[in-house]
Amino acid sequence: MELKLPPLAETGETLTGAEIVVRCLKEEGVEFVFGYPGGAVLHIYDAIFGQKAFHHILVRHEQAALHAADGYARATGRPGVALVTSGPGVTNAVTGIATAYMDSIPLVVITGQVPTRAIGEDAFQECDTVGITRPCVKHNFLVKDVNELAITIKKAFHIATTGRPGPVLVDIPKDVSAQTARFHYPDKVHLRSYSPVVKGHSGQIKKAVQLLLEAKRPMIYVGGGVVLGEASAELTELVRLLDYPCTETLMGLGAFPASDKRFVGMLGMHGTVEANMAMQNCDVLLAVGARFDDRVIGNPSHFAAGNPTRKIVHIDVDPSSISKRVRVDVPIVGHVKDVLVDMLALIKGAREKPDATALAAWWDQIGTWRAKDCLKYDRTAAIIKPQYVIEKLWEITKGDAYITSDVGQHQMWAAQFYRFDKPRRWINSGGLGTMGVGLPYAMGVKLAFPDADVACVTGEASIQMCIQELSTCKQYHLPVKLVNLNNRYMGMVRQWQEFFHGNRYAESYMDALPDFVKLAEAYGHVGMRVDKPGDVEGALREAFKLKDRLVFLDIITDQTENVFPMVPGGKGMSEMILAEDL
Amino acid sequence: MRHILSILVENEAGALSRVSGLFSARGYNIESLTVAPTEDATMSRMTIVTTGSDEIVEQITKQLNKLIDVVKVVDLSEGRHIERELMLVKVRAAGKDREEMKRTADIFRGRIIDVTDKSYTIELTGTTDKLDAFLEALDKGAILETVRTGVSGIGRGEWVLKA
């Protein structure tokens with residue numbers, strides 16, 4: 001990569017590679033480094049010893065280091081930083097890197113490598129880090145010359161945080177971290193092969209506004225890009241100004257306040273009837289920072305064929321997200337925030353106004369879909385319903401907590417029933433769907449916002465995938481609340497087996513579960529077991545009252561409960577199964 | 001449809017695997033791929049021949065542009081261009097067939113660049129079509145070995161692909 005750099009500062013201090021790493025992280029204003037030491041990173045750990053620029057958080061497994069850094073990044077918008085050793089350190093980290101990659105989360109991952117002379121010799125704890133991680137990073141580097149180290153780390157932060165964000169990995173051989181170089185940290189880097197578009201094309205934006213104002217049945221579909229692009233305020237203003245219905249993907253929740261009546265709920269495989277039907281039947285669709293993925297629109301040919309006259313406007317910072325699964329009529333490549341600002345100005349200045357009569361009829365139509373009350377569940381049941389737990393969690397935290405989740409049914413219930421009014425409050429693995437993220441996500445969030453309520457909604461299967469981090473929570477005093485919706489099943493697997501595999505529950509029952517209360521206590525935390533609906537609220541209140549303790553709430557829920565509505569895989573988004581259909 | 005993509009990439013270790021990895025990871029076809037340094041030592045130029053619908057080729061171009069090491073991507077098949085491929089063929093050339101083999105090579109403007117008493121090695125340059133036609137003109141049993149470079153392409157006229 002060609003760079004326009006000032007000549008190497010001859011006046012810079014002479015530092016070891018390891019010291020350079022620490023200084024670069026300091027220059028970047030890094031608060032936390034999540035990591036785990038090992039042979040290839042020992043020089044770097046030596047340089048970390050005693051420094052005060054950032055806190056190092058020692059996890060219990062490298063996967064959790066990545067998830068915690070990822071959770072920190074999702075909640076703050078700042079890049080997360082992780083540090084792991086070569087070989088198994090890296091391979092353990094790969095799940096975390098891929099998780100961040102799929103959801104476009106900015107991370108800088110520093111990995112140790114065997115000494116340069118040993119690379120390729122199958123040395124102890126050697127793996128081809130750059131090769132293994134290539135398909136799941138935005139970019140990666142192997143630094144073979146200590147003089148290139150500082151500029152490479154600068155590039156890593158630049159690439160990770162600009163355009164469509166993503167994880168960037170810097171692999172540092174052990175000898176490079178021991179060698180010395182003059183330290184110079186540039187303010188800026190320029191890469192000739194990398195210059196993400198910011199401003200949207202003004203002609204396209206005009207066309208988009210025209211279409212939106214002429215719409216009879218408009219719909220605004222919001223994805224994680226609005227959260228990542230910090231465009232929540234602009235989006236909210238746009239939706240309210242137009243008074244159009246708005247839906248959000250799993251990753252977009254909170255970008256527009258769920259308490260606003262214009263919000264028709266999440267869309268997609270477990271979206272609401274009103275959101276999915278409005279998507280399918282609208283005449284103008286504005287997609288903002290979203291990617292029409294399989295869990296959102298289901299079968300793309302059904303989506304297209306069911307409504308061939310629908311016009312689609314698509315705003316995204318990544319051109320490759322546009323027209324990938326669905327042909328769009330007005331593509332706009334740019335930063336969602338900048339594009340929305342331009343659109344707002346045009347709408348405010350426009351002589352045309354939305355067609356009030358058509359809009360009223362459209363809202364009436366949406367009202368009939370809403371009246372189906374597709375999220376209803378049995379509130380009189382004698383067994384705890386998981387949806388009820390989430391509703392109570394929302395109530396007790398006043399809808400203002402940071403909620404992390406793992407992956408499965410509990411994730412969907414949290415998404416449906418915790419009504420997020422703010423962006424960056426809902427922290428979950430959408431794209432990769434990684435079980436085990438919830439607890440380390442909560443650690444990253446709690447470190448960033450020590451005074452905020454942080455709860456992890458999890459299940460008895462997911463939580464066991466990173467349970468060892470209860471130890472990290474003890475060490476760093478991270479009083480998060482774990483809400484374990486314990487149905488003794490891998491619930492979502494069980495649900496699919498019930499619907500599509502003739503009730504053959506192959507390997508989805510979790511036999512021999514631990515006593516989670518005792519387990520929490522063994523790690524030095526508070527454990528509580530709840531098995532009656534009447535006790536849920538009290539237990540949640542008590543847990544949040546224990547401000548300085550991690551509380552593990554093991555809540556025994558209905559084993560047979562399913563997530564509704566559901567669009568079966570490969571079906572069209574209006575082909576939903578509702579609870580009442582069964 | 002067949003497309004010829006010309007790609008300027010940073011002359012960095014791993015740039016080739018980023019490009020080829022993208023094709024395999026996303027299930028795109030590669031008919032041929034060539035890569036070599038350019039007049040600018042910091043860059044290499046690749047020519048990739050691929051097939052796919054317009055939508056797929058549009059995605060391929062966008063995904064390639066997303067790679068940090070990729071400086072520029074152009075679909076040569078969208079405009080006037082020239083493409084060439086080099087082939088070396090070792091053929092059986094003994095007895096009465098020896099003279100016929102030489103004549104066929106001449107017709108295709110091939111050059112015989114190595115000779116033994118039983119074989120010729122023929123060098124042939126041209127479009128993929130021409131090379132295919134030459135192989136078809138030969139008796140299949142006479143072909144001992146073939147090696148092809150894959151297509152290299154360049155735009156016609158004064159237009160140049162630059163960083």
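This report looks at how two chains meet and at one residue inside each of them.

## About the model

The structure is a predicted model, in which local features need pLDDT of at least 70 and side-chain atom pairs count only at pLDDT 80 or more, while totals for chains, interfaces and linings use all residues. Residues are numbered from 1 along each chain as its sequence is written, with chains lettered from A and ligands numbered from 1 in the order in which they are written.

## Where chain B meets chain A

Let's start at the interface: 18 residues of chain B are in contact with 15 residues of chain A (contact means C-beta atoms, placed from the backbone, within 7 Å). On the chain B side, helix H1 (15-25), helix H2 (54-66) and strand E4 (70-75) each supply at least two residues. H2(B) gives the largest share, five residues. Helices here are DSSP runs of H or I with at least four residues, and strands are E runs of at least two, numbered from the N terminus.

## A:Tyr72

A:Tyr72 sits in helix H3 (residues 62-76) of chain A. It is buried, having 31 other C-beta atoms within 10 Å (20 or more count as buried, 12 or fewer as exposed, and anything between as partly exposed, with C-beta atoms placed from the backbone). Leaving out residues up to four places away in sequence, A:Tyr72 touches A:Phe32, A:Gly80, A:Gly444, A:Val445, A:Leu447 and A:Ala448.

## B:Gly110

Over in chain B, B:Gly110 falls in the loop between helix H3 (97-107) and strand E6 (111-115). B:Gly110 counts as buried because 22 C-beta neighbours lie inside 10 Å. Its contacts beyond four places in sequence include B:Ala105, B:Ile122 and B:Phe134.

Conventions. Two residues are in contact if their C-beta atoms, placed from the backbone, lie within 7 Å.
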